[in-house]
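Colleague: Hi! I have this one open on my screen and could use a guide. Can you walk me through it?

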Amino acid sequence: MAGAGTSATAAAAVAAPPAVEARDLSRRFGAVTALDGLGFQVARGELYGLIGPDGAGKTTAIRALAGLIGLDGGEARILGLDPLRDGAVRERLGLMPQQYSLYRDLTVAENLTFFGRLSVLPRAVFRERSERLLAITRLAPFTGRRADQLSGGMYKKLALACALLHQPEVLLLDEPTNGVDPVSRRELWELLHEFVEGGMAVVISTPYMDEAERCSRVGLVHHGRLLLEGAPEKLLAAFERDGHPRPTFEALFIHAIERADGVAA
């Protein structure tokens, strides 16, 4: 019987859909092609980085996965569900957009209260989760401070806390470390790894090549297309084997762009 139970569990795990799936995503804005057949998958307990410069299509991909925009082609799926049409996704998805998403004239505590009520959290549940998030983000001493009086790093940590109040299974973050000081950047990444270790699937977009090595896997994006994908250490090892004695992600990415654009490397 134990063997049968184990087999059933294994079969269920195999049958479970990816936590995040982008299938051949395409989206145009007038004459601009933001997404050009972008595709990738993210498993539970994985931190996936969309790495690329401004204009690569990262924000458009995040918005499509969050169900904020429609697509001209392809499909986006969160836990097997259509984020644009299935309302059940909202309860299982957390989003931290690149632009300011908090109420700047509300305090830290008031912002948390607002998002807690938006998620219809019972009072006791909200109290327990908000206290924990305030502790791990180190914002507990600043609950009475208005959001527009927070530093860049503190603001980003508050936005992250608000996105995590309802304990999502999937978290999408669009350039969360942009404009954040080095210490706060390190703390944000430490928080993300803690949540991933708990089984959460995280997709993070960033233009910073040095952050690629903090991810479980990365996808290098250029002009809405996926140029390279894989575990950071494997990508760099393959790059070194190709004859690059001092491989870095910046060098790897430039090389991949030059090949994609037909420029002699």
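Modeller: Happy to! Six strands form an open sheet with mixed pairing, in the order 5-6-7-3-8-9. Keep in mind that this is a predicted model.

Colleague: Which are the edge strands?

Modeller: They are strand 5 (93–96) and strand 9, and each of them pairs on one side only.

Colleague: And by how much are neighbouring strands of this sheet turned against each other?

Modeller: On average by 15°, ignoring direction.

Colleague: What does helix 2 touch when it packs on the sheet?

Modeller: Helix 2 (residues 58–65) touches strand 3, strand 5, strand 6 and strand 7 (201–206). The direction of helix 2 makes about 150° with that of strand 6.

Colleague: OK, and which strands does helix 8 lie across?

Modeller: Helix 8 (residues 249–260) lies across strand 3, strand 8 and strand 9. Against strand 9, helix 8 runs at about 140°.

Colleague: Let's look at strand 8. Is strand 8 mostly covered or mostly uncovered?

Modeller: Mostly covered: of the six residues in strand 8 (residues 217–222), five are buried.

Colleague: How do strand 3 and strand 8 run, parallel or antiparallel?

Modeller: Strand 3 (residues 47–51) and strand 8 run parallel, joined by four bridges. Take glycine 49, whose bridge partner in strand 8 is valine 218. Isoleucine 51 has leucine 220 as its bridge partner in strand 8.

Colleague: What is the bridge partner of leucine 220 in strand 9?

Modeller: That is leucine 228. Strand 8 and strand 9 (residues 225–230) run antiparallel, with five bridges joining them.

Colleague: How many residues are between the strands in that hairpin?

Modeller: Two, and histidine 223 in this hairpin takes a positive phi near 50°.

Colleague: Which other residue has a positive phi although it is not a glycine?

Modeller: Valine 120 is one, with a phi of about 55°. You'll find valine 120 in the loop between helix 3 and helix 4 (123–136). Its relative accessibility is 67%, so valine 120 counts as exposed, the cut-off being over 50%.

Colleague: And what about glutamine 167, where does it lie?

Modeller: Glutamine 167 lies in the loop between helix 5 and strand 6 (170–174). The phi of glutamine 167 is also positive, near 55°. With 51% relative accessibility, glutamine 167 counts as exposed too.

Colleague: You mentioned helix 5. At what angle do helix 3 and helix 5 pack?

Modeller: Helix 3 (residues 108–118) and helix 5 (residues 152–164) pack at about 25°, and their axes are 9 Å apart. Angles under 35 degrees count as roughly parallel, so helix 3 is roughly parallel to helix 5. The crossing of these two helices is right-handed.

Colleague: Which residues of helix 3 and helix 5 meet?

Modeller: From helix 3 there are Val108, Asn111, Leu112 and Phe115, which meet Leu158, Ala161 and Cys162 of helix 5. Sorted by class, this contact has six nonpolar residues, one polar residue and no charged ones.

Colleague: Now helix 6. How do the axes of helix 5 and helix 6 cross?

Modeller: They cross at roughly 15° and come within 9 Å. That makes helix 5 roughly parallel to helix 6, and this crossing is right-handed.

Colleague: Which residues of helix 5 and helix 6 meet?

Modeller: Helix 5 brings Gly153, Lys156, Lys157, Leu160 and Leu164, which meet Ser184, Glu187, Leu188, Leu191, Leu192 and Phe195 of helix 6. The contact of helix 5 with helix 6 divides into six nonpolar, two polar and three charged residues.

Colleague: How many bridges join strand 1 to strand 2?

Modeller: Eight, and strand 1 (residues 20–29) runs antiparallel to strand 2. For instance, arginine 28 has threonine 33 as its bridge partner in strand 2.

Colleague: Great, thanks for the tour!

Methods
Residues numbered from 1 in each chain as written. Predicted model: local features only at pLDDT ≥ 70, side-chain atom pairs only at ≥ 80, totals over all residues. Heavy atoms only, no water. Axes fitted to C-alpha atoms, helices over the stretch in contact; angles between N-to-C directions. Parallel < 35°, antiparallel > 145°, perpendicular 65-115°, else oblique. Left-handed = near helix turned anticlockwise from the far one by under 90°. Contact = heavy atoms within 4.5 Å. Nonpolar A, V, L, I, M, F, W, Y, C, P; charged D, E, K, R; others polar. Buried < 20%, exposed > 50% of the residue type's maximum accessible area, 1.4 Å probe, protein only. Pairing = 2+ DSSP bridges.
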